Amino acid sequence: MQKTNAMRILDKAKIKYNTYEYEAGDGHIDGVSVANKLSQDVSMVFKTLVVQGNSRELYVFVIPVSEELNLKKAAKVAGEKNVEMIHVKDINKYTGYIRGGCSPIGMKKLYKTFIHESAKGLEKIIFSGGKIGIQIEANPDDILNLINGRYEDLIM
């Protein structure tokens, strides 16, 4: 497996992690499909979403794959009047990643990042490794410290 930028950053920070590869050729790259392909509990598998606030600032939200981001809660924790998802065509421009391969680690800039509070009680969470077909499993507290994020209630 080729190292992704996210893995190199974890190596440099001396954070322990595991990687998983999955077959993406069938086009089923949504988080629930990925969790099933990896035979993992969907509550452990998280997706990375990028939103933009009224101020034009970008924010990153990491939530369980089977859940929806509550935009009102997201805006409140970000300190914005409201937020909206960025367009798919802009994901690469802002993050350096593509849809389906967006990792909370190693984006072009370190945006304010929030991880859903359900990760707090978990020993490990699984999230995109920065490339479609690769997932990373790591301790959520380690990730939070690395990206200077915080836990919040973010879903419906």
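**Strand pairing and pockets in the predicted model**

Strand S6 and strand S7 (residues 134-138) form an antiparallel pair joined by 5 bridges. Strands here are DSSP runs of E with at least two residues, helices are runs of H or I with at least four, and both are numbered from the N terminus; two strands are taken to pair if DSSP finds at least two bridges between them. The model is predicted, so that local features need pLDDT of at least 70 and side-chain atom pairs count only at pLDDT 80 or more, whereas totals for chains, interfaces and linings use all residues. Residues are numbered from 1 along each chain as its sequence is written, and side-chain values use heavy atoms, with hydrogens and water left out.

S7 is largely enclosed by the rest of the structure, because 5 of its 5 residues are buried (buried, under 20% relative accessible area; exposed, over 50%; partly exposed, in between; 1.4 Å probe, protein chains only). Ile-134, Ile-136 and Ala-138 point one way from S7, while Gln-135 and Glu-137 point the other way, and all are buried.

An unreviewed UniProt entry places the feature "domain: YbaK/aminoacyl-tRNA synthetase-associated" at residues 34-145. UniProt annotations may be inferred rather than shown by experiment; positions are in the numbering used here and feature names are shortened. The span 34-145 is 21% helix and 31% strand, and its end C-alpha atoms lie 26 Å apart.

Pockets were examined next. A pocket is an open set of points on a 1 Å grid over the protein atoms alone, where a 1.4 Å probe fits, with protein on both sides within 12 Å along at least five of seven lines; lining residues have an atom within 4 Å of a point. The largest pocket has a volume of about 550 Å³, a volume being the space filled by probe spheres set on the points, which are joined across faces, edges and corners. It is lined by 24 residues, of which Lys-47, Thr-48, Leu-49, Arg-99 and Gly-100 are the closest to its centre. Helix H2 (31-37), strand S2 (46-53) and S6 each give two or more residues to this lining, and S2 makes the largest contribution, with 5 residues. By class, the lining of the largest pocket comprises 15 nonpolar, 6 polar and 3 charged residues (nonpolar: Ala, Val, Leu, Ile, Met, Phe, Trp, Tyr, Cys and Pro; charged: Asp, Glu, Lys and Arg; polar: the others, Gly among them).

The second largest pocket has a volume of about 160 Å³. Its lining includes Gln-52, Arg-56, His-87 and Tyr-94, and the largest share, 3 residues, comes from S4.
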